[in-house]
Amino acid sequence: MAEQHAETGNERLGVLICGHGSRNRLAVEEFAQMVDGLRPRLAPMPVEHGYLEFARPILRDGLEALREKGVTKVLAIPAMLFAAGHAKNDIPSVLNTYTAETGLPIDYGRELGVDRLMVSAAGARVRECLDAAKDDVPLAKTLLVVVGRGSSDPDANSNVAKVTRLLVEGFGFGWGETVYSGVTFPLVEPGLRHAVKLGFRRVVVVPYFLFSGVLVSRIRQHTELVAADHPEVEFLSAGYLGDHTLVVDTFKERVEEVLRGDTAMNCSLCKYRAQVLGFEQDVGRAQESHHHHVEGLAESCTLCELECTGACQPDGIPIGHGHNHGSDHSHDHHHPPYPHADHPLGPTTLKRNNSAAKD
């Protein structure tokens, strides 16, 4: 399909894959490798990528590269697992500003979402984990715990729970739980401590993340903390999604959807469009990016060799050590306060930000 639509009339189409960005060098490398794997599948359309923050190229750089290749219309795909603030507000704001300045038309696609290919990719990581286990524990006696990024958008959080159910029912696990690495509740460690009370012999922890980073490292660390306190339970850690071929296939499908004009997102549960229970104050909030002050800031952390261990953020709170690492979300005070910031199973950063908002 890509070959048929590389040029339409006088238009020359190009693709921009829009990432978040990270100080973690391994995560940035993995993202670039994924884009390299996508290019031959979309040829002859040129494919570039860019980031919102903490890495280069920034989104504007990717757009400029496409214009230099003669592209007259861009198909932009958010490299986000679920549609929350980054996909709904930050990226569109940057793209709209660029179009207003240059006149370059940009068609925006949808996030990866709850998709059969993405669930299958996660299932492959679970299968790899189970196959590598030493002992044969029945699935009915195994608990699956899926870890999502966590968002202040309940629509995105609920989608992680849906992925959990699809995996639990697909494999036949005895039970399934969903926890989050930050922003919402329950967090990984308290969530796992509650889960072990269910009495399962084995717990499989799945980080539902695209790439490596401090959050994936922290998930492993918190899993190990709980495992050390419960030697009677076997804990297994599955791999993150990475550049699995099914993930790359999903990006290709998102581009094809834009070409067909089929990019409808779920607006019925979007807190910016509908009166979602508990988040009514967010309806109609202005679409703007909160990443301008860290856009293109590409100084990598040198505390860890390559993959970030999360040593500077043991509980999601940066510990200062002279090089500003761990401040990826130091701009959270710009975001509206989370309505459940005082939940006992949520991060302390929510309480801090909520208190500041009240003050």
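Okay, thanks everyone. Before anything else, keep in mind that this is a predicted model. The protein has 359 residues, and 52% of them count as buried. For secondary structure, we have nine helices and nine strands. And if you take the contacts between residues at least 6 apart in sequence, 79% of them join residues at least 24 apart.

Let's go to helix 1, residues 25–42. Its axis comes within 10 Å of the axis of helix 8, residues 245–260, and the two cross at roughly 55°. That angle is why we call helix 1 and helix 8 oblique to each other. The crossing of these two is right-handed. So who touches whom? From helix 1 you have Met34, Gly37, Leu38, Arg41 and Leu42, and they meet Thr245, Val248, Asp249, Phe251, Lys252 and Val255 of helix 8. Sort that contact by class and you get six nonpolar, two polar and three charged residues.

Helix 6, residues 188–195, packs against helix 7 at about 35°, with the axes 9 Å apart. Helix 6 also passes helix 7 in a right-handed crossing. On the helix 6 side, the contact uses Val188, Glu189, Leu192 and Arg193. Helix 7 brings Ile219, His222, Thr223, Leu225, Val226 and Asp229. By class, the contact of helix 6 with helix 7 comes out as five nonpolar, two polar and three charged residues.

Right, on to the aromatics. How many aromatic pairs are there? The count is four. One of them is phenylalanine 31 with phenylalanine 211, an edge-to-face pair with 5.5 Å centre to centre and 65° between the planes. This pair links distant parts of the chain, since phenylalanine 31 sits in helix 1, while phenylalanine 211 is in the loop between strand 8 (202–207) and helix 7 (214–229), 180 residues apart.

Next, phenylalanine 82 and tyrosine 208. Their ring centres are 5.8 Å apart and the planes are at 20°, so this pair is stacked. Phenylalanine 82 is in the loop between strand 4 (73–78) and helix 3 (85–102), and tyrosine 208 is in the loop between strand 8 and helix 7, so the pair ties together parts that are 126 residues apart in sequence. Phenylalanine 82 is at 12% relative accessibility, so it counts as buried. Tyrosine 208 is at 2% relative accessible area, so it is buried too.

One more thing on rings: ring pairs link Phe31, Tyr51 and Phe211 into a cluster.

Last stop, serine 158. You'll find serine 158 in helix 5, residues 154–171. Buried, exposed or partly exposed? With a relative accessible area of 34%, serine 158 is partly exposed. And what is its distance from phenylalanine 82? C-alpha to C-alpha, serine 158 and phenylalanine 82 are 9.8 Å apart in space, and in sequence they are 76 residues apart.

Key
Residues are numbered from 1 along each chain as its sequence is written. This is a predicted model: local features need pLDDT of at least 70, side-chain atom pairs count only at pLDDT 80 or more; totals for chains, interfaces and linings use all residues. Side-chain values use heavy atoms; hydrogens and water are left out. Axes are lines fitted to C-alpha atoms, for helices over the stretch in contact, and angles run from 0 to 180 degrees between N-to-C directions. Helices (H or I, at least four residues) and strands (E, at least two) are DSSP runs, numbered from the N terminus. Angles under 35 degrees count as roughly parallel, over 145 as roughly antiparallel, 65 to 115 as roughly perpendicular and the rest as oblique. A crossing is left-handed if the near helix is turned anticlockwise from the far one by less than a right angle, and right-handed if clockwise. Contact means heavy atoms within 4.5 Å. Ala, Val, Leu, Ile, Met, Phe, Trp, Tyr, Cys and Pro count as nonpolar, Asp, Glu, Lys and Arg as charged, and the others, Gly among them, as polar. Rings of Phe, Tyr and Trp (its six-membered ring) pair if their centres lie within 6.5 Å; planes under 30 degrees apart count as stacked, over 60 as edge-to-face and the rest as tilted. Buried means under 20% relative accessible area, exposed over 50%, partly exposed in between (1.4 Å probe, protein chains only).
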